[in-house]
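The structure is shown first.

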Amino acid sequence: MSSDSHPAQSSGNALAMAVLNSIQHPVVLVNEAGLVAFANWEAEAFFGASAAHLARYRISTFIPFGSPLLALIDQVRERRAPVNEYRVDLSSPRLGQDKLVDIYVAPVSNEPGSVVVVFQERSMADKIDRQLTHRAAARSVTGLASMLAHEIKNPLSGIRGAAQLLETSVGDEDRTLTRLICDETDRIVSLVDRMEVFSDERPVDRQPINIHSVLDHVKAVAKAGFARNIKITENYDPSLPSVFANRDQLVQVFLNLIKNAAEAVGDRPEGEITLTTAYRPGIRLSVAGTREKISLPLEFCVHDNGPGVPADLLPHLFDPFITTKTNGSGLGLALVAKIIGGHGGIVECDSQNHRTTFRVLMPVSKDIALDDTPPIATGNNR
């Protein structure tokens, strides 16, 4: 900027820079020569280079050879109109693997030949998509549970009663069949009872909760029962603030997740489950039913080194009745998604061979300022 710039113009430029740097997506300005004339902070992190370093090179230096991004930039320059392109693969040794992004390119009116490029990493977009999908799945189960409770349980009790009456008047050979009717009826009632949990829409009593006390309790329960022969390790952030949640429901969530991990690990001698907590600022999502946007900086993970989740099952893992277990009902993870969604958070799963992670992202307690800045630790930092 020249020395005779107007103070108001300088103030405007500073404000524009502050706005661009506050955007949670990489934004770059590519000038007529193809040089990266500007990069916000997210773009510096995305490309792994400072804005000053980026400004010395053409945009083509930082993206894979033959990337459609260059054609998009040329198209915008020709037509002088913005374009969107979805799911563009920018994976490379420089940017990393699985670098799938949505791209928005627009011309700059007062800078001929210059374009603005905005990258939206698919990981964030997929988090939002999965959040909405999980909530929709939970609502579907809620309606189904209510219908089952009213329309199925009453006739089932009549069937069971009739079978019990028949049992008193038939021979031993036929008594086996009446007993089978009673047992199968009881099994269906038990399934319906489990689904009725989804139809409970009463307000949840929530308060500030120390997640580490919840995880320690769940670990103790697991080690005393289904995970007694499995190694469970922790990697906690001691400075983590409280989560605004219902303790009993969090216990239910992590018991489900750790039980799944234990079943995946099985009785392999090298099997291990790892519990981690961390503070990850920058993720903001809309709260269902409100206009409020909430920060989800608290990350709680359950890792296991089991065989992993089949790739074709992964996108539907939190849908009801989806399971890899022979005798599973497929309701455990659907319930996890409902509980976490009801708390304004999201749950997701990443799985590769011998490495599966269930990740829960949640808001901090309402009595802590949501400024994406972690509190000063009272113990040792990570």
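## The open sheet

Strands β12 and β14 are antiparallel and are joined by seven bridges. In this pairing, L298 is placed opposite M362 of β14. The coordinates are those of a predicted model.

The two strands belong to an open sheet of five strands, ordered β7-β9-β12-β14-β13, with mixed pairing. Its edges are β7 (231-235) and β13, each of which pairs on one side only. Direction ignored, neighbouring strands of the sheet are turned by 15° against each other on average. Helix α9 packs on the sheet and touches β9, β12 and β14. The direction of α9 makes about 25° with that of β12.

## The largest nonpolar core

In the largest nonpolar core there are 44 residues. I211, V243, L250, F254, L257, I273 and F300 have the most contacts inside this core. Two or more residues come from each of the helices α8 (211-224), α9 (247-265) and α10 (332-342). The strands that give two or more are β8 (243-245), β9 (272-279), β12 (298-304), β13 (346-352) and β14 (355-362). With nine residues, α9 gives the most to this core.

Which residues does I273 contact, leaving aside its neighbours within four places in sequence? The contacts of I273 include I230, K231, I232 and T233. I258, A261, A262 and V265 are also in contact with I273, as are V302, H303 and D304.

## Helix α10

The buried residues of α10 are G332, L333, A334, L335, V336, A337, K338, I339, I340 and G341. G344, which follows α10, has a positive phi, near 80°.

## Aromatic pairs

How many aromatic pairs does the structure hold? There are six aromatic pairs. For F47 and F62, the ring centres are 6.0 Å apart and the planes are at 65°, so this pair is edge-to-face. The cut-off behind that assignment is an angle of over 60 degrees between the planes. The pair links distant parts of the chain, with F47 in helix α2 (residues 41-47) and F62 in the loop between α3 (51-54) and α4 (68-79), 15 residues apart. F47 is buried because its relative accessible area is 2%, and the limit for a buried residue is under 20%. The relative accessible area of F62 is 2%, so F62 is buried.

F254 and F300 form another edge-to-face pair, at 6.3 Å centre to centre and 65° between the planes. This pair also links distant parts of the chain: F254 is in helix α9 and F300 in strand β12, 46 residues apart. F254 is buried, with a relative accessible area of 1%. F300 is buried as well, with a relative accessible area of 0%. Both F254 and F300 are among the residues with the most contacts inside the largest nonpolar core.

Key: Residues are numbered from 1 along each chain as its sequence is written. This is a predicted model: local features need pLDDT of at least 70, side-chain atom pairs count only at pLDDT 80 or more; totals for chains, interfaces and linings use all residues. Side-chain values use heavy atoms; hydrogens and water are left out. A nonpolar core is a set of buried Ala, Val, Leu, Ile, Met, Phe, Trp, Tyr and Cys residues joined through side-chain atoms within 4.5 Å. Buried means under 20% relative accessible area, exposed over 50%, partly exposed in between (1.4 Å probe, protein chains only). Helices (H or I, at least four residues) and strands (E, at least two) are DSSP runs, numbered from the N terminus. Contact means heavy atoms within 4.5 Å. Two strands pair if DSSP finds at least two bridges between them. Axes are lines fitted to C-alpha atoms, for helices over the stretch in contact, and angles run from 0 to 180 degrees between N-to-C directions. Rings of Phe, Tyr and Trp (its six-membered ring) pair if their centres lie within 6.5 Å; planes under 30 degrees apart count as stacked, over 60 as edge-to-face and the rest as tilted.
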